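Grab a pencil and take a look at the structure below. Try each task yourself before you read the solution.

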Amino acid sequence: MSTTRRTQWLLAIIVFVALAFLPVIDQPYWLTIGISILMYGVLATSWALFSGPTHYISLATAAFYGLGAYVVGMGIESVWYPFLLVIATALGALLALVVGWATLRLSGVYFVIFTLGLAEFIRQIITWVQNNFTGSRGVYVLTSIEDKHIFWELLVLAAVVCLFGVWLKQSRLGFALRVIGGDEVVASHVGIHSAKAKVLLFSFSGAVAALTGAILAPRLSYIEPSMVFSADLSFQVVIMALLGGVHRLWGPIVGVIPFTFLWEFIAAVAPTQTVLLLGVAFLVIVYFIPQGIAGLIEKWFLKGGRHE
Amino acid sequence: MSDVVLEVSHVTKRFGGLVAVDDVSFTVKRAGVLGLIGPNGSGKTTMMNLITGAHQVTSGDIYFDDRLISELPSRKIFLRGVSRTFQLVKPLAGLTPAESVMAGIVFSRKPLWGREAVKAAERMLARVGLEGRGGAPLSSLTYIDQKRVELARALISDPTLLLLDEWLSGLNATELLEGIELIRSIAAEGTTIVLVEHLMDAVRELCQTSVVMNVGKVIAAGDTAAVLSHPEVINAYLGDTNDA
């Protein structure tokens with residue numbers, strides 16, 4: 001048991017170090033793909049840490065991501081970049097805290113609708129502010145930060161999210177979330193503060209999404225509300241996480257990798273049909289592989305071998 | 001420590017126009033088994049939900065160990081020492097039976113975690129007759145076994161007051177005898193029990209005192225044998241002869 005555990009850690013460290021050398025080989029295509037995979041990987045994994053055990057489907061990823069990107073867009077001229085990352089993370093957590101506290105007491109459906117509306121709401125506010133006070137709709141993000149720096153930042157963030165996931169799995173908080181996912185009435189009858197547990201995790205995923213937006217902002221060069229608050233992003237994250245499987249920490253990344261390649265392909269051959277194909281992909285996943293690829297892998301390779 | 005564990009005082013619960021519990025008062029003495037009985041729809045389960053904070057009272061007060069609990073959320077009432085099972089079993093999907101039982105102790109007033117919590121859960125499973133079944137897939141458990149898991153979950157925190165909502169119903173004859181013995185042994189250890197039950201034989205066997213509800217009201221209370229022969233109670237169960 002402890003030797004397999006050690007092997008897993010060793011493998012994770014090797015993968016991490018190997019990936020860190022990706023920018024060095026100087027292949028722009030692979031660096032671009034690498035950034036996409038890490039970005040979606042981080043977003044989908046942190047999304048699944050909250051939504052996997054609790055079954056609360058959040059469509060707010062774009063709200064946090066856009067918030068983070070805008071913090072950088074607004075502040076890049078006057079504030080030191082690393083400090084902007086801290087501000088974006090803190091604001092993401094704070095927004096999730098407020099929204100979570102107000103909505104997580106509601107039952108599932110209301111939560112889904114509210115989170116979907118949140119990104120649109122923030123987008124409208126920023127558009128309104130910019131139309132009325134700043135004169136221009138978008139902001140330019142001009143920095144000396146290159147793609148390889150963004151890749152490394154995302155890689156570190158991915159490692160942090162994974163370490164948090166590993167910790168969560170064997171923590172009381174993680175156990176509380178599983179009980180909440182099982183039955184919320186039971187949870188409250190065995191001493192679990194379910195609102196607190198849910199808000200904590202929701203804040204974590206909100207902070208991570210905001211930080212991801214802040215890290216990627218320099219890559220966009222020009223930020224506009226309709227770009228960074230796009231609902232497509234929220235749906236993509238949900239679809240990728242479900243495709244991979246949300247009941248395992250490594251599940252979402254298994255969904256992100258094929259989906260990113262598929263997405264590149266779709267964007268190249270049918271750039272106007274992306275939303276339609278996104279919807280079809282969603283239906284196919286929910287209908288044919290509800291447990292995700294992780295579930296399929298476990299079913300095929302570990303058949304019958306895991307009865308304790 | 002006073003002699004009374006639970007005091008329900010003039011409690012009313014309305015759901016819109018429906019009065020599910022109507023000005024109900026009764027007390028539960030320490031270390032006994034009290035039967036809460038009555039026909040379907042008489043408000044017994046609602047009363048249980050009010051005690052554990054699953055519902056909030058419309059008016060009236062509930063005291064546990066001489067402290068007001070009717071304003072508290074379920075979580076805090078549990079932390080004071082009130083545990084329950086549910087009339088409709090609530091299995092926790094995605095958790096093993098051992099983990100389901102563990103859920104009852106991890107966040108309790110005497111919390112355990114890790115190996116100790118697992119051991120306590122296994123001991124409790126053995127006590128309810130599921131020895132060695134802690135890792136079995138949830139789907140392999142029968143309805144009765146799920147009820148056992150739920151009792152173990154309620155019991156593992158060593159509650160002062162245990163509320164059993166029709167826990168014995170659905171058991172076959174042998175299981176019923178085992179179940180009655182089990183509840184008796186829990187009571188013998190000093191846990192106070194409120195038993196909501198339709199099985200009159202079990203109520204007669206286990207409960208020194210009983211409270212009978214009908215259409216939201218208490219119609220009789222006191223010594224079980226006397227209560228069960230009360231004319232109004234017989235009417236409530238068999239129908240008023242004048243109505244027929």
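This is a predicted model: local features need pLDDT of at least 70, side-chain atom pairs count only at pLDDT 80 or more; totals for chains, interfaces and linings use all residues.

**Exercise 1.** Work out which helices of chain A supply at least two residues each of the side that touches chain B.

*Solution.* Start with the contacts: 17 residues of chain A meet 21 residues of chain B. Next, look for the helices behind them. On the chain A side, α7 (172-182) and α8 (184-189) each give at least two residues. The largest share, seven residues, comes from α7(A). Finally, sort that side of chain A by class: you get seven nonpolar, six polar and four charged residues.

**Exercise 2.** Decide whether α7(A) is mostly covered or mostly open, and find what its buried residues pack against.

*Solution.* Count first: eight of the 11 residues in α7(A) are buried, so this helix is mostly covered by the rule that a buried residue has 20 or more other C-beta atoms within 10 Å of its own. Among the buried ones are A:Phe175, A:Leu177, A:Val179 and A:Ile180. Then check the neighbours. Within chain A, these buried residues pack against α2 (28-54), α8 and α9 (194-220). Chain B joins in too, with its α3 (97-106).

**Exercise 3.** Compare the radius of gyration of chain B with that of a compact globule.

*Solution.* Take the 244 residues of chain B: a compact globule of that length would come out near 18 Å. Chain B has 18 Å, which agrees. For the dimensions, its C-alpha trace spans about 60 × 40 × 35 Å along the principal axes.

Definitions and conventions:
Residues are numbered from 1 along each chain as its sequence is written. Chains are lettered from A and ligands numbered from 1 in the order in which they are written. Two residues are in contact if their C-beta atoms, placed from the backbone, lie within 7 Å. Helices (H or I, at least four residues) and strands (E, at least two) are DSSP runs, numbered from the N terminus. Ala, Val, Leu, Ile, Met, Phe, Trp, Tyr, Cys and Pro count as nonpolar, Asp, Glu, Lys and Arg as charged, and the others, Gly among them, as polar. A residue is buried if 20 or more other C-beta atoms lie within 10 Å of its own, exposed if 12 or fewer, and partly exposed in between; C-beta atoms are placed from the backbone. The radius of gyration is taken over C-alpha atoms; the globule rule is 2.2 Å times the number of residues to the power 0.38.
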